[in-house]
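Subject: Structure handover

Hello,

Here is the structure we discussed, with its sequence. My notes on what was found follow below.

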Amino acid sequence: MSSNTEYTAKDFKSDQYVRWCPGCGDHAVVNTLQKAMAELGIPPHKTAVISGIGCSSRLPYYMNTYGFHTIHGRAAAIATGVKTANPDLTVWQITGDGDCLAIGGNHFIHALRRNVDLNIILLNNKIYGLTKGQYSPTSDRGAVTKSSPYGTVEDPFVPAELTFGARGHFFARAIDVDLAVSKEVMVEAGRHKGASVVEILQNCVIFNDHIHSYVADKEFRAERTIHLKHGEKMLFGKDLNKGLVLDGFTLKAVTIGENGVTLNDILTHDVTTRDNFLHQRLAMMDGHELPLAVGVIRSVDAPVYDQEVKKQIDSIREKNPKKTLRDLLLSEETWEVK
């Protein structure tokens, strides 16, 4: 819940020198996150930023909030503990494709399954940057890296597909250079109750430069991405004259005015549909045959883990009013230890 105080991005910036490579996409992410937090209006002292290990996981140092730079792959587990023990805190988890989807994969899927009220920012540059350029769980098949000099022989995880497979209720995507959409999805993630996953396609200028250029560069972006907005037609293209329709169970791109296609034929985006059939297909578009979807793709209400735990604790306390160890020791309950 926001306070009555108006905040600016500066209120969420720490005094630490930012130690990322010049040109790294993480710079845009931290600046956008600070702006999103200011818009949400939740005080810094009621905000916690938890990270694991990786370049992106340095982010808590640059936030004027509570922060915890934890260990590799364990950000979701620790963030779950923080939120469950302190349900009044707004908890952000900052993670990368390696930290989140390799050693941290188990914690990630169970945080989503439980629907813990975490705002998970997953920075995906398809590489291990901190450890100098090994392929990651999201690296494309055939990617040539320091640990795959002849090309990977694995198919990658798609964060959206994994999120839906774990029964996730909120998924959004943005590109690091698109600050407006990045802020939009972060704000919506912060407002959503339950586990929110925001995938940021982020560039690593040192070990995987231009990996997202085919959708990120301005000359391609309008034609190869589609900015989805709840309640609006699924339109894209420089002139917004292209759109998405369903052809049986398959999404298809069409041009308005061709082959009798009208605006009425274009699908209208609904983030709240409980069935994830269409949400998953939208999220799996990759910018090649169909445009890459950015914006909020899914946002569905569901029971929230930490709230349910709190209700359970409050219910038990009502039935048993003992609050301190002294109360327990002076009660009539006894134990016999053998």
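**The sheet and what packs on it**

Strands β5 (residues 170-175) and β6 are paired in the parallel sense, over 5 bridges. Within that pairing, I175 has L201 of β6 as its bridge partner. Please keep in mind throughout that this is a predicted model.

On its way through the sheet, β6 (residues 196-201) also meets β4, and these two strands run parallel with 6 bridges joining them. β4 is in turn paired with β3 (residues 90-96), again in the parallel sense and over 6 bridges.

The whole sheet is open and has 8 strands, in the order β2-β1-β3-β4-β6-β5-β11-β7, with mixed pairing. The edges are taken by β2 (66-69) and β7 (225-228); each has a single partner strand, so one side of each is left without a neighbour in the sheet. Ignoring direction, neighbouring strands are turned by 20° against each other on average.

Helix α1 (residues 26-40) packs on it and touches β1 (47-51), β3, β4 and β6, and its direction makes about 165° with that of β3. Helix α9 (residues 277-284) also packs on the sheet, where it touches β5, β7 and β11; its direction makes about 155° with that of β11.

How many of the residues of β4 are buried? The count is 7 of 7 for this strand, which spans residues 118-124. L118, I120, L122 and N124 point one way from the strand, N119, I121 and L123 point the other way, and all are buried.

S51 is in strand β1. S51 has a relative accessible area of 0% and is therefore buried. Leaving out neighbours within four places in sequence, the contacts of S51 are S57, P60, F68, H69, T70, A75 and I94.

**Nonpolar cores**

The largest nonpolar core has 41 residues, and those touching the most other members are F108, I226, M234, L244, L282 and M285. Another core lies apart from it, with 37 residues, including L40, I94, I200 and V215. As for M285, if residues up to four places away in sequence are not counted, M285 touches R173, I226, L244, L251, L290, P291, L292 and A293.

**Rings and a charge**

A search of the whole structure gives 4 aromatic pairs. One of them is edge-to-face: the ring centres of W20 and Y62 are 5.0 Å apart and the planes are at 80°, which is over the 60 degrees needed for that class. W20 lies in the segment before α1 and Y62 in the loop between β1 and β2, so this pair ties together parts that are 42 residues apart in sequence. Both W20 and Y62 are buried.

F164 and F171 form a tilted pair, because their planes are at 50°, with the ring centres 6.2 Å apart. Both F164 and F171 are buried.

There is also a charge over a ring: the charged end of R224 sits over the ring of F220, at 4.1 Å from its centre.

**Loop residues**

Which residues have a positive phi although they are not glycine? K132 is one of them, with a phi of about 85°, and N259 is another, with about 55°. K132 is in the loop between β4 and α5 (159-165). N259 is in the loop between β10 (250-255) and α9. K132 has 49% relative accessibility and so counts as partly exposed, whereas N259, at 81%, counts as exposed.

A302 is in the loop between β11 (292-299) and α10 (305-319). Is A302 buried or exposed? Its relative accessibility is 17%, and the cut-off for buried is under 20%, so A302 counts as buried. Apart from neighbours within four places in sequence, A302 is in contact with N115, H169 and R274. The C-alpha atoms of A302 and A253 are separated by 32 Å, with the two residues 49 apart along the chain.

Regards

Terms used. Residues numbered from 1 in each chain as written. Predicted model: local features only at pLDDT ≥ 70, side-chain atom pairs only at ≥ 80, totals over all residues. Heavy atoms only, no water. Helix = DSSP H or I, 4+ residues; strand = E, 2+ residues; numbered from the N terminus. Buried < 20%, exposed > 50% of the residue type's maximum accessible area, 1.4 Å probe, protein only. Contact = heavy atoms within 4.5 Å. Core = buried A, V, L, I, M, F, W, Y, C linked by side-chain atoms within 4.5 Å. Pairing = 2+ DSSP bridges. Axes fitted to C-alpha atoms, helices over the stretch in contact; angles between N-to-C directions. Phe/Tyr/Trp six-rings, centres within 6.5 Å; stacked < 30°, edge-to-face > 60°. Lys NZ or Arg CZ within 6 Å of the ring centre and 35° of its normal.
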